[in-house]
Amino acid sequence: MPAYHSALAHPDARVINGLPLVPFVTKIRGPAPYAAPDLTYDAITEALELFRPNSFFKNFEIKGPNDRLLIYIILFISQCLNKLRANTSQSEATKTLHSLAVTNVVIPADPSFPLQSMYPQVVDRMEADQLRQYLQQLRQEIAQRLVVTVYEGGSQFPSKWWLCFQKRHFMGKSMK
């Protein structure tokens, strides 16, 4: 059975380091393109839906830039889940994941990125900085939505059905 790929198409999106700079619904200020007011299904929503099934796969064929973005988001979600514990409160999780989102933003061109060889190199430093700012905004939005998803229904503690994926790593890789 093949892995689930991104169904989103953004042919006119600018691509830096193999990642498309796609619009997503957010209230966080940053360089991301503005999303249409009626947009309900974006790259973050798709990644949150595909995270658990794709965590079981060790191989993933990249079919386009949106798949590269999906891989980055899945690796970041995995990193976020590893920061949570079964007794972490929702407010504590919000603080922890926000801190993780804004510190040490790794772009695929960095040597510390686990799948660096699957991404093209950045052309210049200005593009790298723009991508880093975009990914920081993306990571902040992912952290916010992940807390809402993992603490569904206003629960005080995280869902065990999400925490059971802490030990699973997409393609056997994880961001540090």
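1. The side chain of Arg145 makes a polar contact with the side chain of Glu141 at 2.9 Å, and a further one with the side chain of Thr45 at 3.1 Å, a polar contact being a pair of N or O atoms within 3.5 Å, of which, within protein, one must be able to donate a hydrogen and the other to accept it, with residues adjacent in sequence counted only if both atoms are side-chain atoms. This is a predicted model, in which local features need pLDDT of at least 70 and side-chain atom pairs count only at pLDDT 80 or more, while totals for chains, interfaces and linings use all residues. Residues are numbered from 1 along each chain as its sequence is written, and side-chain values use heavy atoms, leaving out hydrogens and water.

2. Arg145 is found in helix H4, helices being DSSP runs (H or I, at least four residues) numbered from the N terminus. With a relative accessible area of 17%, Arg145 is buried, since buried means under 20% relative accessible area (1.4 Å probe, protein chains only). Leaving aside neighbours within four places in sequence, Arg145 is in contact (heavy atoms within 4.5 Å) with Val25, Asp42, Ile44, Thr45 and Leu48.

Notes
Helices (H or I, at least four residues) and strands (E, at least two) are DSSP runs, numbered from the N terminus. Buried means under 20% relative accessible area, exposed over 50%, partly exposed in between (1.4 Å probe, protein chains only).
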